[in-house]
Amino acid sequence: MRLIQSVGVAITDAHGWAVLRLSGGSARVRTAGMAWQAALRLIACGAALTLSSASAPAEPDALAIALALPVAGDLTGARDAARFAWVENEAGVRNVWVADRGQPARRVTGFDQDDGQQLYDVVLNAAGTRLAFVRGGDDEFPDGALPNPGAATATPRQLVFVGPTDGGTPVSIGDGHSPVFAPDGDRIAYTRKGEIWLADGNAKPRQLASVAGEVTRLQWSPDGTRLVFVDNRDDHSFVAVLDITGASVRYLDPSPGFSVEPALSPDGKQVAFIRYLDAPSGATADSGPYWSLRVADIASGAARELWAAPSGDGARYNGTRSRNLFWNTDGKLIFPWERSGWLHAYAIDVAKGDEPRDLTPGAFEVESFLPTRDGRSILYAANAGDPDRKHIWRVPLSAGAPARVTQGTGIETFPTLGGDTLAVIATDVTHPAHPALVDRMLTPLGRAVEARGFVTPEAVIFTAADGVEVHAQLFRARGAGKHPALIFAHGGPRRQMLLGFHFSGYYSNAYILNQHFAAQGYDVLAVNYRSGTGYGRAFRDAPEIARGGASEYRDILAAGRWLAAQPQVDPARIGIWGGSWGGYLTALALARNSDLFAAGVDFHGVHTMLRPVDNNLSPDAQLAARQLQWSSSPMASIGQWRSPVLLIHGDDDKNVDFAQSLLLARELAARRIPFRTLIFPNERHAFLRHANWLASYRATDAFLARTVMRKEPLR
């Protein structure tokens, strides 16, 4: 892997200039502050820098340097060309990059501030000559209230940008999100707050339609005359068709439940989609079926059920984090199913309606999948034979065994095609997420920047008290003697931590902090507790999880006891940290087992699990369900809480209400339980500003150093 190397940086302050000495020469940057920013940028480009100056600001620490490394995501490819585009986040500065096979990557935007404005929904037209993306808003809640984490005097807008990929600056065409190019490569449709808009050449964009819900999965028909989409109305959704010259929206086979994942037939005359219902409260594991595949004729609206999931394993719908239904060129639908107890890709012939065939058999989970351009195979990311990593596999749709495409001990996800060329998002122990071409070996499309001094995490398996087998990754501290130790609990809980950098920006940061803790002298155990992904449906939907009894905490407790039994760990100095559901488990650990956990850091956690109960239960059953929710909450055990905690939260969090931290802070104060808080006004759940990540991680480091490493009282 090729990395840019440098020999050092010297900073002088006589005239406010910084001289950056590299292996290929030097450059000057005005002001000492800019010098440090530039130094971090050079480090993010793979430079090994030494920073020195008698009067310069404090030297950037290893944590700041690692968090400033560029992290790539939102990879997309052109249909007819070996051209790819992606978003790169470098110390909170987000930009769009483009690369062709065998050519250097080029940045096509010039943003230069850590202002919290996301870039997402990146798409290329079929030829790869034009690019569209969205800047601003929140990609998780694109139609919600707009964030303003930078505390600008006016809330930044959510804008669709369009521009050429070969020179020129992208320009905004209007407020909205989810842009999609028409087959002609010129027109572009997008949506905002239930409206569908069309931009055509230099003409002013015009509104085509407005619906009651949120527009998702917007896509063009092959002839460019229609738009197909999902009208999502919170507790149900419909698949709809819009003739762009027509005056009305047509809903295909509307019914209760959710109609999702529309997939057009190659000739554009039919639409297939998935329809599912949520299982009611109290339903047994073998109840159902709850979902089916439907096929509708666009012209007439006539629809039929192609196939319905039988009861038993797979009776409840579960999909991947990517697109979940493809209508292949040979007339087959490809979709996810858990009939074997593992999430796999299946194929069914639309004309025959025969029994679906498992394309990816084995005891592993498929992360994402897509057909090849010729329609003869599918590519998929899975943890086959390597449970704590992901790799890319290929399997023919006809007879044939799966073959692993990417080799080695890295992590490869999200297979993406540019023409017939395959690219992935790749990571490993020392390289955060970056796009890479898949040939005989992985070749970075852009910057693959190495983090220095990281330990290689080890796969660990232990058993909880009730016999459940739990996977984890151990980051061993260097040095002899008894070490302090930490548990890391991920969020989700539908998540899996891996033996290397995570492909998600949130968990890429968490991996960096775990590495930092190992360098500081902690043994760190990242726990893939039950209710997470990667280990099959029975593990993900284990009995009594979440509000049904918090059985996943049994795995956290077992992890703490496993650490305490290790000869290199000081059992009196074990802490815990985590975010979201991991914050919930952190609070639960401190509330139930302050005897084991000396302190914790709770990022935007849930502290009371009380929620409205379904009305299909009797009044007595509803009361029992509410009591179970309460007993599954940290609040139910707060009388036993003794250990200090740091609470970190953004008050504009749309995933976990800020009131959860307010509630806990009040209760801790009432009981004189030592705690500290770090609050970010206007910030979301996954912090949008890099500065807030750095501030929160530095506060976490300092808090645990005091309460766990040194065991000092918090007064």
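Leaving aside neighbours within four places in sequence, which residues is Leu-525 in contact with? The list is Val-460, Phe-462, Ala-472, Gln-473, Leu-474, Leu-486, Ile-487, Phe-488, Ala-559, Trp-562 and Leu-563, where contact means heavy atoms within 4.5 Å. Keep in mind that this is a predicted model, where local features need pLDDT of at least 70 and side-chain atom pairs count only at pLDDT 80 or more, while totals for chains, interfaces and linings use all residues. Residues are numbered from 1 along each chain as its sequence is written, and side-chain values use heavy atoms, with hydrogens and water left out.

**Nonpolar cores**

- Leu-525 turns up again in the largest nonpolar core, which has 47 residues; Leu-525, Ile-556, Phe-597 and Trp-641 touch the most other members.
- Helix α6 (residues 581–592) gives this core its largest share, 8 residues.
- There's also a second, separate core of 43 residues, and Ala-64, Leu-69, Ile-512 and Trp-577 are among them.
- A nonpolar core here is a set of buried Ala, Val, Leu, Ile, Met, Phe, Trp, Tyr and Cys residues joined through side-chain atoms within 4.5 Å.
- Buried means under 20% relative accessible area, exposed means over 50%, and partly exposed is in between (1.4 Å probe, protein chains only).

- Helices (H or I, at least four residues) and strands (E, at least two) are DSSP runs, numbered from the N terminus.
- Strand β42 (residues 645–650) pairs with β43 in the parallel sense over 6 bridges, and His-649 stands opposite Ile-679 in β43.

**Strand β34, tucked away**

- All 5 of the 5 residues of β34 (residues 434–438) are buried, so this strand is largely enclosed by the rest of the structure.
- Both faces are covered: His-434, Ala-436 and Val-438 are buried on one side, Pro-435 and Leu-437 on the other.
- Strand β33 (residues 421–427) runs antiparallel to β34, joined by 4 bridges, and the two form a hairpin with 6 residues between them.
- β34 also makes a hairpin with β35, with 3 residues between them.

**Salt bridges**

- The structure holds 41 salt bridges, each a side-chain nitrogen of Lys or Arg within 4 Å of a carboxyl oxygen of Asp or Glu.
- One of them joins Arg-83 and Asp-100, whose closest N and O atoms are 2.5 Å apart; Arg-83 lies in strand β5 (residues 83–90) and Asp-100 in strand β6 (residues 93–100), so the pair ties together parts that are 17 residues apart in sequence.
- Another joins Arg-447 and Glu-88, with the closest N and O atoms 2.3 Å apart, and it links distant parts of the chain, 359 residues apart.
- Asp-466, Arg-530, Glu-544, Arg-554 and Asp-555 are linked in a network of salt bridges.

Terms used
Pairing = 2+ DSSP bridges.
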